[in-house]
Amino acid sequence: GLGVGAVAAGRVQMGLPVGVLDSGEQVSSGSRAVSYAKRPLEILDRLGCAGPVLARGVAWSTGKLFVAERLIHEFDLLREPGHAHPAFVNLQQYALEDALVARLRALRAEGRPVELRGGNRVSAIASHEDHVTLEIDTPEASYNIEADWLIACDGAGSPIRRMMGIEFAGMDFEDHFLVIDVKAKTQFPAERRFWFDPPFNPGQSALLHKQPDDLWRIEFQIGRDVDREAELSPEAIDRRLRAMLGKETTYELESASIYTFQSRRMQRFHQNRVIFAGDAAHQVPPFGARGANAGLQDADNLGWKLALVARGLAPPALLDSYDAERGLGADENMRHSTRATEFVTPKSEVSRLFRDAVLDLAERHEFARPLVNSGRLSEPAIYDGSPINTPDALEGAPARSRPGAPCPDAPVKDGYLLSRLGGGFTILAIDTDAPEEIEEEGIVAKRLSLSASDDPSGALAARYLGGEPSAIYLIRPDQHVAARFADFDEDQIRFALRRATGKE
């Protein structure tokens, strides 16, 4: 899966030995994740596998909302320049998994400590305070292994979570959605299109995304009480596709499935040496492309923290910040996805009247268009209130780069800012001095010195200085801001480093 591949790649790059167990013998297939937002693309870039995703995927930033056949709202998800990556890239999940597997194999070829084991299913688990014991079934035999840590990225049905008897609380939604991947030549552009009450699916909704190689993701809302077998019949699917794409369109069906959406999460994402990530820890309806994007952010948040704890450079309590920060991200995703689902599939007549009134107003009045909710598209989590943030000491600087926020990209000399930051702790000094590096209890933060004049576009100054003449930022390995100050102060930086690694 995406989460385990991303965690593994990150930890191997940090020099830690990793074993990847998968019950299957190959990457996934069928209707899974398709849209990856800018922040996860930045994460994949640090993992060394954004190149294949960008080369093969379909980049897009425009979304359009229709009622029947009338366009009522159009929006751009990346209106400002100065970013290395696009707002979104569409790519089949199996292609991204291929890229992650290729990266792990390349790391292994370099002599890095990584082992990939397909056809290995965890059948029993014993979680201890200082290790995990696993019983593994394979087609040939069963065997036991002991691991210092287990990262469970085994999906929404998580067998590991069930074996441990951990609650996965939440709610189910009653409406069904038919999700189709179909290869066809059409005139639709590379953009997100969402319809309320389209002529090809009257009284319901539909969603369209372009994928590479003339493949299209189409989602049809099909109601609550449905005959699943009848809806998945070749005749029913053909009728729907021809109504949408045209009677003369030729197509090749790649996959079709029916989903009812759920919104659930674990209360805590780790217990002793077992840590859950992705759908195993939290599940949301797919409106807004928040599932896989959240899983990749889980992996990014967890990777550096677990690496420090495993090396003895940070206390195990640092992992509590994984629960706090990614729990905040999960709650935000659940809130947005649930609201979108309730807008698209009203549960009462009052809700339906409200939804229809909003759609009617949005067609004629600008103020109502932001109220139309077909899915608030995935944005990176800002970890406000995180226990490892240092209180903001640069209050005149922009809110978008406050402690807890992901670093916004900006053009700088020799490329873009995020590629210069790397994957360790960094002291970003903008128009002020700082030492080449600071070491605090085994943690090293290296300096990156820049000037606002390094970016003639003004984006660096606008995104990091605001009205301030200079700034010092402490950036975490996952490129979130840990602290920021007006000028360098060694005691402040050392305190912020200790706090960011769970020692304060």
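This is a predicted model: local features need pLDDT of at least 70, side-chain atom pairs count only at pLDDT 80 or more; totals for chains, interfaces and linings use all residues.
User: How do you know that the count of disulfides is zero?

Analyst: A disulfide is a pair of cysteine sulfur atoms within 2.5 Å, and by this rule the count comes to zero. C49, for instance, is in no disulfide, since the nearest cysteine sulfur, that of C153, is 14 Å away. The sulfur of C407 is 20 Å from the closest cysteine sulfur, which belongs to C49, and that is too far for a bond.

User: Why is C49 called buried, and what about C407?

Analyst: The word buried is kept for residues under 20% relative accessible area. C49 has a value of 1%, so the label buried applies to C49. C407 has a value of 3%, and therefore C407 is buried by that cut-off as well.

User: What makes strand β22 a mostly covered strand?

Analyst: Strand β22 spans residues 425-430, and six of its six residues are buried. In a regular strand the side chains alternate between the two faces of the sheet. In β22, F425, I427 and A429 lie on one side, while T426, L428 and I430 lie on the other, and the residues of both sides are all buried, so that both faces of the strand are covered.

User: How do you know that β22 pairs with β24 and with β25?

Analyst: Two strands pair if at least two bridges are found between them. Six bridges join β22 to β24 (residues 443-450), and these two strands run parallel, whereas β22 and β25 (residues 471-475) pair in the antiparallel sense over five bridges. Both counts meet the requirement, and therefore both pairs qualify. Individual partners can be named too: in β24, L428 has L448 as its bridge partner, and I427 has R447, while in β25 the bridge partner of I427 is L474.

User: Why are β23 and β26 called edge strands?

Analyst: They belong to an open sheet of five strands with mixed pairing, whose order is β23-β24-β22-β25-β26. β23 (437-440) and β26 (481-485) each pair on one side only, which is why they are the edge strands. Neighbouring strands of this sheet are turned by 20 degrees against each other on average, with direction ignored.

User: What makes β8, β9 and β10 count as paired strands, and where are the hairpins?

Analyst: Six bridges join β8 (residues 121-127) to β9 (residues 132-137), and the two run antiparallel. β9 and β10 (residues 142-147) also pair in the antiparallel sense, over six bridges. At least two bridges are needed for a pair, so both pairings meet the rule. β8 and β9 form a hairpin with four residues between them, and a hairpin joins β9 to β10 through four residues. Within these pairings, A124 stands opposite E135 in β9, and D137 stands opposite S142 in β10.

User: Why is helix α2 described as largely enclosed?

Analyst: Eight of the ten residues of α2 are buried, so the helix is largely enclosed by the rest of the structure. The buried residues are K38, R39, P40, L41, E42, I43, L44 and L47. After α2 comes G48, whose phi is positive, near 90 degrees.

User: What makes up the lining of the second largest pocket?

Analyst: About 1,200 Å³ of space lies in the second largest pocket. Of the 37 residues that line this pocket, the closest to its centre are L77, L377, S378, E379 and P380. The lining divides into 17 nonpolar, seven polar and 13 charged residues. Helix α2 (38-47), strand β5 (70-76) and helix α9 (319-344) each supply at least two residues of the lining.

Conventions: Residues are numbered from 1 along each chain as its sequence is written. Side-chain values use heavy atoms; hydrogens and water are left out. On a 1 Å grid over the protein atoms alone, a cavity is a set of points where a 1.4 Å probe fits but cannot get out, and a pocket is an open set with protein on both sides within 12 Å along at least five of seven lines; lining residues have an atom within 4 Å of a point. Grid points are joined across faces, edges and corners, and a volume is the space filled by probe spheres set on the points. Ala, Val, Leu, Ile, Met, Phe, Trp, Tyr, Cys and Pro count as nonpolar, Asp, Glu, Lys and Arg as charged, and the others, Gly among them, as polar. Buried means under 20% relative accessible area, exposed over 50%, partly exposed in between (1.4 Å probe, protein chains only). Axes are lines fitted to C-alpha atoms, for helices over the stretch in contact, and angles run from 0 to 180 degrees between N-to-C directions.
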